[in-house]
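Here's a quick briefing to read alongside the model. Keep the viewer open as you go.

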Amino acid sequence: MGTRKAKMKRSNRAVRRPNRSLGGDIFIIVVLACFGAFFAFPLVFAINHAFKPLDELFIFPPRLFVINPTMSNLQDLFILMSRSWVTFTRYVFNTVFITAAGTLGHLIIASMGAYAVSKYVFPGSKLFFNIVITTLMFTGFVTAIPNFLILANLGWIDTYLAVIVPSFAFPLGFFLMKQFIDTVPQSLVESAKIDGATEWSIYSRIVMPLVKPAWLTCMIFSVQALWNNPQQNLIYTEQLKPLPFALQQIVGSPHTPNVARMGVGAAVALVMMVVPITLFIIAQSNILHTMANSGIKE
């Protein structure tokens, strides 16, 4: 018996041993490092570009790293913003308010709708989910005209609502939340009901904490979409315009760029990247977990 157990332990160790050689591990590490460098290249270039003096911005071929770093680009940006007749803080407030309200509303509506579709069977539930999946194929350019007509009829053009309310219906967030809520056992929900928990308690205290990676990922996507959107077709009053539109005005039109403000444009790109990248770094583990498990069911 003792020798049989020893053989079984040795066989189990052999099964657990990875079926890769040292050369295979090195190859995988090299390939992953190459992909990592490839995807990091735009970020490294943008950061260095923001600190290049004007003469280095026009060097051909362009250089990845800055030779003589300078803060003049950022200083010129803040000087130009301080001269605007609408204060810089007002633009920042508009962007933060739109982003925060739109993201919060999207998380609440997407999670509630996903909870209902995932844990309850009602007439048309599958059809509704299929419609949501179908909308993932359409970009914002396809729905821009009908969206504008609806908002115009509601009288929301040139208000915060024109940007905030449509962001509630971001279909990718609903899809991710539904896929993750599907992994929550139905027996857990039924046990909570037997213990006397209300629907709101089950949703807020049981389901939402279990799907934290999903709603953190939805938050990142929503913030990125709202933070970088100038909303130039929906908001016309200068006091209501977000920060991206104000910065875009300073740099000039992409079709007729202002050569003297190329450094300011590089600084603008860096400023607009700070918030989405910071949020992604904070929640990256949850985002990767969501991407890896969004299609997995029990």
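What follows covers the overall fold, one threonine and the nonpolar cores.

This is a predicted model, where local features need pLDDT of at least 70 and side-chain atom pairs count only at pLDDT 80 or more, while totals for chains, interfaces and linings use all residues. Residues are numbered from 1 along each chain as its sequence is written, and side-chain values use heavy atoms, with hydrogens and water left out.

**Overall**
- You'll find 15 helices and 0 strands in the chain (DSSP runs: H or I of at least four residues for helices, E of at least two for strands, numbered from the N terminus).
- Of its 298 residues, 31% count as buried, meaning under 20% relative accessible area with a 1.4 Å probe, protein chains only.
- Take the contacts (heavy atoms within 4.5 Å) between residues at least 6 apart in sequence: 74% of them join residues at least 24 apart.

**Threonine 103**
- Threonine 103 sits in helix H5 (residues 88–119) and is buried, at 5% relative accessible area.
- Leaving out residues up to four places away in sequence, threonine 103 touches Met219, Ser222, Val223 and Leu226.

**Nonpolar cores**
- A nonpolar core is a set of buried Ala, Val, Leu, Ile, Met, Phe, Trp, Tyr and Cys residues joined through side-chain atoms within 4.5 Å.
- The largest one has 22 residues, and Tyr115, Phe174, Met177, Ile181, Ile202 and Val211 touch the most other members.
- Helices that each supply at least two residues of this core include H5, H9 (171–181) and H12 (212–227).
- Another core, of 15 residues, lies apart from it and has Met81, Leu247, Val264 and Ala267 among its members.

Definitions and conventions:
Buried means under 20% relative accessible area, exposed over 50%, partly exposed in between (1.4 Å probe, protein chains only).
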